There are 2 protein chains.
Amino acid sequence: MNKSGERILSTLEHVGGFASAQEIHRAMVRDGKNIGLTTVYRGLQALIKENIVDILRRDDGEAIYRVCGDAHHHHLVCKKCGRTVEIEGGEIEKWALQEAAHYGFREVGHSAEIFGICSNC
Amino acid sequence: MNKSGERILSTLEHVGGFASAQEIHRAMVRDGKNIGLTTVYRGLQALIKENIVDILRRDDGEAIYRVCGDAHHHHLVCKKCGRTVEIEGGEIEKWALQEAAHYGFREVGHSAEIFGICSNC
DNA sequence: AACAAGAATGAAAATGATTGTCATTTTCAG
DNA sequence: CTGAAAATGACAATCATTTTCATTCTTGTT
Ligand SMILES: [Zn+2]
Ligand SMILES: [Zn+2]
Ligand SMILES: [Zn+2]
Ligand SMILES: [Zn+2]
């Protein structure tokens, strides 16, 4: 991994959870790191190839990245104000693995999100 | 559903499996149906809102659509070929309601998807 | 140090899916 | 028929991502 790769990874570790390439870039610029958006994209591609980060997709199709081995969790999101609570997956972790195994899938991952309206709204 | 919505749905049913908006449009034009790409996008959005079609994402982020039954269910999707199995949520239905209730959320919904690589790939 | 080869960088342009705009056409109730 | 409302589609705009390409850093060699 080269220097910019290390800085990207460090930023991704500090923001916690998922972040898009543009968000990572904004965070680095805000923190005084000098880096171009192109380099962020290239660095992320390299980190993916090295299996250091994961890539997923937001609902709108934007790519989001996270450090592999980050603590796995899920979200409970308010549809009105966006307030978000991080929650444990509990039994759905087992569910995902069992269903995938039942149909012969490997390299299994999953996404799950609960949405509703929070008590403040 | 309006006329173009029905034609889009009919096309999507005939191609089978997943198709992107652009693929659906190309198929319709090829088959002599006269429709604009914009209308295909709008029709698909309407069909999604009516829970008649599902939207997912290819690895490259392009949106793909497929006809979907009304009954609530989840998907097990192959990251490589897109093969999809409809599965029951099982225990995660309870999990979603319990977590939401625990944090005082109402009008609760959820999404959950398992992805991996199927036995053919 | 001087030099060259190759990798890394980033600004700007290109790409491509999706969405927004708006003038025109179609539908339909009165 | 007539006007209002909905639907349509060509075109422009948006936005994430990729490509290009000229410039700058690295690194090893003489
Ligand atoms: Zn709220
Ligand atoms: Zn989980
Ligand atoms: Zn497959
Ligand atoms: Zn469910």
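Student: Why is Tyr41(A) called partly exposed in this predicted model?

Tutor: The relative accessible area of Tyr41(A) is 33%. Buried requires under 20% and exposed requires over 50%, with partly exposed in between. The value of 33% therefore makes Tyr41(A) partly exposed.

Student: Where does Tyr41(A) lie, and which residues does Tyr41(A) contact?

Tutor: Tyr41(A) belongs to helix H3 of chain A. With neighbours within four places in sequence left aside, Tyr41(A) is in contact with Ala21(A) and Gln22(A). The C-alpha atom of Tyr41(A) is separated by 29 Å from that of Leu76(A), 35 residues apart along the chain.

Student: What makes helix H2 of chain A oblique to helix H3 of chain A?

Tutor: The axes of H2 (residues 21-30) and H3 (residues 37-49) of chain A cross at roughly 125 degrees and come within 9 Å. That angle makes H2(A) oblique to H3(A), because roughly perpendicular covers 65 to 115 degrees and roughly antiparallel begins over 145. The crossing of H2(A) and H3(A) is right-handed.

Student: Which residues meet where H2(A) and H3(A) pack?

Tutor: From H2(A) come Ala21(A), Gln22(A), Ile24(A), His25(A) and Met28(A). Their partners in H3(A) are Leu37(A), Val40(A), Tyr41(A) and Leu44(A). By class, this contact has seven nonpolar residues, two polar residues and no charged ones.

Student: How do you know that H1(A) is roughly perpendicular to H3(A)?

Tutor: Helix H1 (residues 3-15) of chain A packs against H3(A) at an angle of about 85 degrees, with the axes 9 Å apart. The arrangement is therefore roughly perpendicular, because the range for that term is 65 to 115 degrees. In this contact, Ser4(A), Gly5(A), Ile8(A) and Leu9(A) of H1(A) meet Thr39(A), Val40(A), Gly43(A), Leu44(A) and Leu47(A) of H3(A). The residues divide into five nonpolar, four polar and no charged.

Student: What word describes the arrangement of H1(B) and H2(B), and why?

Tutor: Helix H1 (residues 3-15) and helix H2 (residues 21-30) of chain B pack at about 100 degrees, and their axes are 10 Å apart. The range 65 to 115 counts as roughly perpendicular, so H1(B) and H2(B) are roughly perpendicular to each other. Arg7(B), Ile8(B), Thr11(B) and Leu12(B) in H1(B) meet Ile24(B), Ala27(B) and Met28(B) in H2(B). Five residues of this contact are nonpolar, one is polar and one is charged.

Student: How do you know whether Ile117(B) is buried or exposed?

Tutor: The relative accessibility of Ile117(B) is 7%. Buried means under 20%, so Ile117(B) counts as buried. Ile117(B) lies in strand S6 of chain B. Not counting residues up to four places away in sequence, Ile117(B) touches Gly104(A), Phe105(A), Arg106(A) and Glu107(A), along with Cys78(B), Lys79(B) and Lys80(B).

Student: Are Asn51(A) and Glu107(B) buried or exposed, and why?

Tutor: Exposed means over 50% relative accessible area. Asn51(A), at 63%, therefore counts as exposed, and Glu107(B), at 53%, therefore counts as exposed.

Student: What is the phi of Asn51(A), and what is the phi of Glu107(B)?

Tutor: Asn51(A) has a positive phi of about 60 degrees although it is not a glycine. Phi of Glu107(B) is near 50 degrees, also a positive value in a residue other than glycine. Asn51(A) lies in the loop between H3 and strand S2 (53-57) of chain A, whereas Glu107(B) lies in strand S6 of chain B.

Student: Which residues touch the most other members of the largest nonpolar core?

Tutor: They are Trp95(A) and Trp95(B), in a core of 24 residues. Elements giving two or more residues to this core include helix H4 (91-102) of chain A and helix H4 (91-102) of chain B. Among the residues that Trp95(B) touches are His74(A), Ile87(A), Ile92(A) and Ile114(A).

Student: What is the make-up of chain A as a whole?

Tutor: The secondary structure of chain A comes to four helices and six strands. From the N terminus on, their order is α-β-α-α-β-β-β-β-α-β. Buried residues make up 36% of the 121 residues in chain A. The C-alpha trace of chain A spans about 45 × 45 × 25 Å along its principal axes.

Conventions:
Residues are numbered from 1 along each chain as its sequence is written. Chains are lettered from A and ligands numbered from 1 in the order in which they are written. This is a predicted model: local features need pLDDT of at least 70, side-chain atom pairs count only at pLDDT 80 or more; totals for chains, interfaces and linings use all residues. Side-chain values use heavy atoms; hydrogens and water are left out. Axes are lines fitted to C-alpha atoms, for helices over the stretch in contact, and angles run from 0 to 180 degrees between N-to-C directions. Angles under 35 degrees count as roughly parallel, over 145 as roughly antiparallel, 65 to 115 as roughly perpendicular and the rest as oblique. A crossing is left-handed if the near helix is turned anticlockwise from the far one by less than a right angle, and right-handed if clockwise. Contact means heavy atoms within 4.5 Å. Ala, Val, Leu, Ile, Met, Phe, Trp, Tyr, Cys and Pro count as nonpolar, Asp, Glu, Lys and Arg as charged, and the others, Gly among them, as polar. A nonpolar core is a set of buried Ala, Val, Leu, Ile, Met, Phe, Trp, Tyr and Cys residues joined through side-chain atoms within 4.5 Å. Buried means under 20% relative accessible area, exposed over 50%, partly exposed in between (1.4 Å probe, protein chains only).
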